[in-house]
Amino acid sequence: MNTENNYTSLDEMKQQLQILQKRLDTQVEINDKQLRRAIHSGMSNMLNREMRGLIFTLIATPLLALYVHEIGQPMWTVIFTLVFMLLCTLLQIVEYSYMYSTSRMMSNSLVETQQRLLKYKRLEILRLTYIAPVMVIGFMGVFFYSIYHNGLFGETMTSFMPVIVGGVVGCIIGGTIGIMVFVRPQFRKIDEVTASIAELETNA
C-alpha cells in the first residue's frame, strides 16, 4: 500500500514539475518577445532621430548659404559656408546609412547588431570630442574674418566684439542643447538596446 502511495506521489511531483517547466518556458518566451519588441522600438527611434538630423541639415544648408549672401559677404564666403554645410550633410548621411544598415541586420544577427551599435557610439564620442569642435571653430573663424574685413560691422574691433561674443555664446548654447536633446537620448537608446540583446543572449 505504501509503495502505491509512493508511486502516486512521484507521479504528482512529475506532473507538477512538468507544469512548472511549461510555465517557465512560456515566461521565457514572453520575455524574449518583449525584449525583441524593445530592441525593434529602440532601433526605430534611433533611425528616426538620424533621419530628422539629415532633414535638418538638408534644409539648413541652402538657407545658411543664402543668409551669408544676403548680409553682403563675398562669394568665397558663401562657397565656404556651402561646402561646410555639405560636409555636415555628408556626415549625417553616413550616420543615417550606418544606422539603417544596422537596423536591417537585426533579423540576421543580434550579436553583430550589438557590436555595430557599440562601434557607432564610440565613433560618435570621437566625433563630438575632436571632429565637431575643430569644424565649428574653423567655420566660425573664417566667417568672423570675412564679416570683419568686409565692413559689415565697421572697421573697429569694438563694433566687432559683440559679434564674436554672440557667436561663441550661441555655439555653446546650441551645442549644449544639441547634446542634451539629440546625443544623450541616442546614447541612452543604444545602451538600452545593447542591454536587451545581452539579456536575450543570457536567456538563450
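The model is predicted, with a mean pLDDT of 76 for the chain and 74% of its residues at 70 or more. Confidence is highest in helix 2 (residues 75-104), where the mean is 89, and lowest in helix 4 (residues 157-203), where the mean is 72.

The chain has four helices and zero strands, in the order α-α-α-α along the sequence. Of the contacts with a separation of 6 or more, 74% join residues 24 or more positions apart. Buried residues account for 30% of the 204 residues. The chain exposes about 13300 Å², of which carbon and sulfur atoms supply 66%.

The interior may be considered next. In soluble globular proteins, nonpolar side chains tend to be buried together. Here the largest nonpolar core has 18 residues, and those with the most contacts inside it are Ile39, Met43, Met46, Met99, Leu117 and Val193. Helix 1, helix 2, helix 3 (110-149) and helix 4 each give two or more residues to this core, and helix 4 provides the largest share, six residues. Beyond its neighbours up to four places away in sequence, isoleucine 39 touches Met106, Leu110, Val193, Ser196, Ile197 and Leu200. Apart from this core lies another, of 13 residues, among them Phe84, Met140, Phe143 and Ile147.

Charged side chains complete the picture. Side chains of opposite charge can pair when their charged atoms come close. The whole structure contains four salt bridges. In one of them, glutamate 95 meets arginine 127 with an N to O distance of 2.7 Å; the pair links helix 2 to helix 3 across 32 residues of sequence. Glutamate 95 is buried, because its relative accessible area of 7% is under the 20% limit. Glu95 and Arg127 also belong to a network of salt bridges that includes Glu124.

Another pair, lysine 121 and aspartate 191, has its closest N and O atoms 2.8 Å apart and links helix 3 to helix 4, 70 residues apart. Aspartate 191 is partly exposed, at 36% relative accessible area. Within helix 4, glutamate 192 and lysine 189 lie three residues apart, about one turn of the helix, and their closest N and O atoms are 3.7 Å apart in a salt bridge.

Methods
Residues are numbered from 1 along each chain as its sequence is written. This is a predicted model: local features need pLDDT of at least 70, side-chain atom pairs count only at pLDDT 80 or more; totals for chains, interfaces and linings use all residues. Side-chain values use heavy atoms; hydrogens and water are left out. Buried means under 20% relative accessible area, exposed over 50%, partly exposed in between (1.4 Å probe, protein chains only). Contact means heavy atoms within 4.5 Å. Accessible areas come from the Shrake-Rupley method with a 1.4 Å probe; for residues, only the protein chains shown count as cover. pLDDT is the predictor's confidence in each residue, from 0 to 100. A nonpolar core is a set of buried Ala, Val, Leu, Ile, Met, Phe, Trp, Tyr and Cys residues joined through side-chain atoms within 4.5 Å. A salt bridge is a side-chain nitrogen of Lys or Arg within 4 Å of a carboxyl oxygen of Asp or Glu.
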